[in-house]
Amino acid sequence: MPEFLMSADGLGALATVIMIDIVMSGDNAVIIGMAAAGLPATLRRKAIIYGILAATVLRIAFAAVTVQLLAIIGLTLAGGILLLWVAWRMWQELRASRRAAAAEAAAAASPPGASAGDGVDLPGAAGAAPKTMRQALTSIIIADVSMSLDNVLAVAGAAREHVEVLVIGLVLSIALMGLAANFVARLLERWHWLAYLGLAIITYVALDMILRGSTEVMQAAGAGVF
């Protein structure tokens, strides 16, 4: 039996890491699922797979330099700002897709022979283009950088000196994210209003990172680190 399972400290670290992974992998899955939801089914699967692969590579890379990352003041703040920008991009995409859907519904309801735009005032609806694979992957990868960074820092802090717990945490986070992302994308495809709930979750995570990062920077400034 692994040594870390023989001590209360090791078991406590493992339990904490599992809880962190359940919460944070869910957030990451929401981001991947939301970014992929607007794509056709075949492209959606590819986007989810690429997103999970990117998150895996980033988590491994960040885990390899955990000690150095923990020493960088303001990194969490930068990650939160980056994630907030992704949330803004997703909000714009949601608005564009809703306008396009409203325009299609209005066109379908118009009398035969009438122009699709007659009597309909929907600014920006005509210019709403379908989401592309490139747009989805851009949002996923940028969010992956921020979320993977936050996940590794949180897991590393909880695992402390137990390297085995850190490795288990990384594997578990990737597995949970893979299972949840496809499920989230299907839910969003069926119930569109859930996209706003997902957007609220992403915004909350971003603001939480910004708050924690700002506190860290202010404490460092007060201690005369800068």
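A: What follows covers the fold, the confidence and some side-chain details of this predicted model.

Q: How many helices and strands are there in the protein?
A: The protein has seven helices and zero strands. Read from the N terminus, the order of elements is α-α-α-α-α-α-α.

Q: And what share of the residues counts as buried?
A: Of its 226 residues, 40% are classed as buried.

Q: What about contacts across the sequence, what part do residues 24 or more positions apart account for?
A: They make up 86% of the contacts in the protein that have a separation of 6 or more.

Q: Where is confidence lowest, and where is it highest?
A: By element, helix 3 (residues 66-70) is lowest with a mean of 71, and helix 7 is highest at 84. For the protein, the mean pLDDT is 75, with 79% of residues at 70 or more.

Q: Which residues stay under 50?
A: Residues 119-128 have pLDDT under 50 throughout. The model gives that stretch 11 contacts beyond four places in sequence.

Q: OK, side chains. Is Arg-59 buried or exposed?
A: Arg-59 is buried, because its relative accessibility is 0%, against a cut-off of under 20% for that class. Arg-59 sits in helix 2 (residues 41-64).

Q: What does Arg-59 touch?
A: Leaving out residues up to four places away in sequence, Arg-59 touches Asn-28, then Met-147, Ser-148, Asn-151 and Val-152, and also Leu-170, Ser-173, Ile-174 and Met-177.

Q: How many salt bridges does the structure hold?
A: One. The partners are Asp-208 and Arg-212, whose closest N and O atoms are 3.0 Å apart.

Q: Why would those two end up side by side?
A: Asp-208 and Arg-212 are four residues apart in helix 7, so about one helical turn separates them. In general, side chains of opposite charge can pair when their charged atoms come close.

Q: Switching to aromatics. What is the count of aromatic pairs?
A: The count is one aromatic pair. Trp-91 and Tyr-196 form this pair, with 6.1 Å from centre to centre and 70° between the planes.

Q: So what do you call that geometry?
A: The pair is edge-to-face, because planes over 60 degrees apart fall in that class.

Q: Which parts of the chain does the pair link?
A: Distant ones: Trp-91 is in helix 4 (residues 75-109) and Tyr-196 is in helix 7 (residues 194-222), 105 residues apart. Trp-91 is partly exposed at 30% relative accessible area, and Tyr-196 is partly exposed at 33%.

Q: Last topic, the surface. Which residues form a nonpolar patch?
A: The patch consists of Trp-191, Trp-193, Leu-197 and Ile-201. Together these residues have about 420 Å² of accessible area.

Q: Where is Trp-191 found?
A: Trp-191 lies in the loop between helix 6 (163-190) and helix 7. Trp-191 has a relative accessible area of 37% and is partly exposed; patch members need over 30%, so Trp-191 passes that cut-off.

Notes: Residues numbered from 1 in each chain as written. Predicted model: local features only at pLDDT ≥ 70, side-chain atom pairs only at ≥ 80, totals over all residues. Heavy atoms only, no water. Phe/Tyr/Trp six-rings, centres within 6.5 Å; stacked < 30°, edge-to-face > 60°. Helix = DSSP H or I, 4+ residues; strand = E, 2+ residues; numbered from the N terminus. Buried < 20%, exposed > 50% of the residue type's maximum accessible area, 1.4 Å probe, protein only. Contact = heavy atoms within 4.5 Å. Salt bridge = Lys/Arg side-chain N within 4 Å of Asp/Glu carboxyl O. Patch = residues over 30% accessible without salt bridge, like charges linked within 9 Å, V, L, I, M, F, W, Y side chains within 5 Å. Areas by Shrake-Rupley, 256 points an atom, 1.4 Å probe, with all protein chains shown as cover. pLDDT = per-residue confidence, 0-100.
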